[in-house]
Amino acid sequence: MVSFKELGLVNTREMFAKAIKGGYAIPAFNFNNMEQLQAIVKACAETKSPVILQVSKGARNYANQTLLRYMAQGAVEYAKELGWEKPQICLHLDHGDSFELCKSCVDFGFSSVMIDASSLPYEENIALTKKVVEYAHQYDVTVEAELGVLAGVEDEVSSAVSHYTKPEEVVDFATRTGCDSLAISIGTSHGAYKFTPEQCTRDPKTGKLVPPPLAFDVLDAIMEQLPGFPIVLHGSSSVPQEYVDMINQYGGKLPDAVGIPEEQLRKAAKSAVCKINIDSDSRLAFTAAVRKVFAEKPGEFDPRKYCGPARDLMEELYKHKIINVLGSNGKAE
Ligand SMILES: [Zn+2]
């Protein structure tokens with residue numbers, strides 16, 4: 001048993017309380033490799049933004065859970081080395097799907113876990129979430145739960161259709177489970193293809209797809225039911241057109257990829273939404289930078305020469321999100 005506190009990590013409790021009061025949101029960035037983690041830590045150290053490092057099932061399969069945890073521990077030390085005296089870094093399990101997995105992360109030094117039982121019937125979701133909360137809270141580890149279903153594909157989480165969270169269920173759910181934050185479904189979606197062209201309209205000037213707006217009426221109704229309760233948005237990449245264009249320009253093929261407009265996320269961040277998950281955007285930045293090097297320098301075979309530019313572009317992306325979308329810069333001085 002290792003406590004996250006020994007590793008210099010923090011849970012989400014204070015982060016979220018401050019974020020709701022301050023009208024901003026904490027970035028939750030997924031990481032799978034060293035370059036991505038370096039980019040996240042550098043961006044957060046430079047902007048003094050609290051951050052949630054997320055480990056998904058796909059990341060655990062790809063990079064190994066043990067290695068990822070030690071990397072997060074290293075991230076705290078790296079942040080200090082970069083001059084961030086009191087780094088506020090949370091290590092979070094993204095989409096935990098069983099009690100055993102959540103327990104193993106709690107025991108291993110994670111400071112926050114998500115139990116996603118949203119695909120189960122309501123009462124079973126409550127029972128499983130409650131069991132995880134009871135275990136995690138013994139060690140001061142915070143728990144995110146989910147009500148409603150997001151469409152899209154992300155690692156091994158996928159659903160063809162979305163079901164908005166029902167505002168009339170949230171008080172009962174939060175009270176009976178004791179969860180610390182709630183991921184809701186209001187029209188965000190996992191992956192780089194969040195909406196089909198049929199769900200969108202087309203901008204007559206540019207011909208680009210315009211996605212349907214988020215259901216702010218559902219968010220408002222949830223906030224009315226649970227005033228001041230931390231709300232989480234998954235699937236909130238914006239799929240920046242510049243990266244999609246860069247990928248397509250250098251031999252890629254991502255037709256009609258579309259995400260959540262940043263103005264809508266900025267609006268959400270000012271409300272009780274205090275954690276916004278961003279994964280696909282950094283995948284796009286990484287891929288765009290690598291493709292550019294490969295296209296321009298076909299003789300290059302040193303991975304540092306293409307992973308380096310990928311790291312730089314991701315860092316730029318993370319800073320942009322922190323400063324212009326989430327508003328979390330300067331909140332972890
Ligand atoms: Zn998710």
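Q: On what basis are the features listed?
A: The model is predicted: local features need pLDDT of at least 70, side-chain atom pairs count only at pLDDT 80 or more, and totals for chains, interfaces and linings use all residues. Residues are numbered from 1 along each chain as its sequence is written, and side-chain values use heavy atoms, with hydrogens and water left out.

Q: Which residues of helix H8 are buried?
A: Buried means under 20% relative accessible area, exposed over 50%, partly exposed in between (1.4 Å probe, protein chains only). Helices (H or I, at least four residues) and strands (E, at least two) are DSSP runs, numbered from the N terminus. In H8 (residues 216-225), Phe-216, Val-218, Leu-219 and Ile-222 are buried. Seen down the axis of H8, these residues fall within an arc of 155° (directions from the helix axis to the C-beta atoms), so they line one face of the helix. The face turned away from the buried side carries the exposed Asp-217 and Glu-224.

Q: How does strand E8 pair with E12?
A: Two strands pair if DSSP finds at least two bridges between them. E8 and E12 pair in the parallel sense over three bridges, and Leu-182 has Ile-231 of E12 as its bridge partner.

Q: At what angle do the axes of H4 and H5 cross?
A: Axes are lines fitted to C-alpha atoms, for helices over the stretch in contact (heavy atoms within 4.5 Å), and angles run from 0 to 180 degrees between N-to-C directions. The axes of H4 (residues 65-81) and H5 (residues 99-108) come within 11 Å and cross at roughly 40°.
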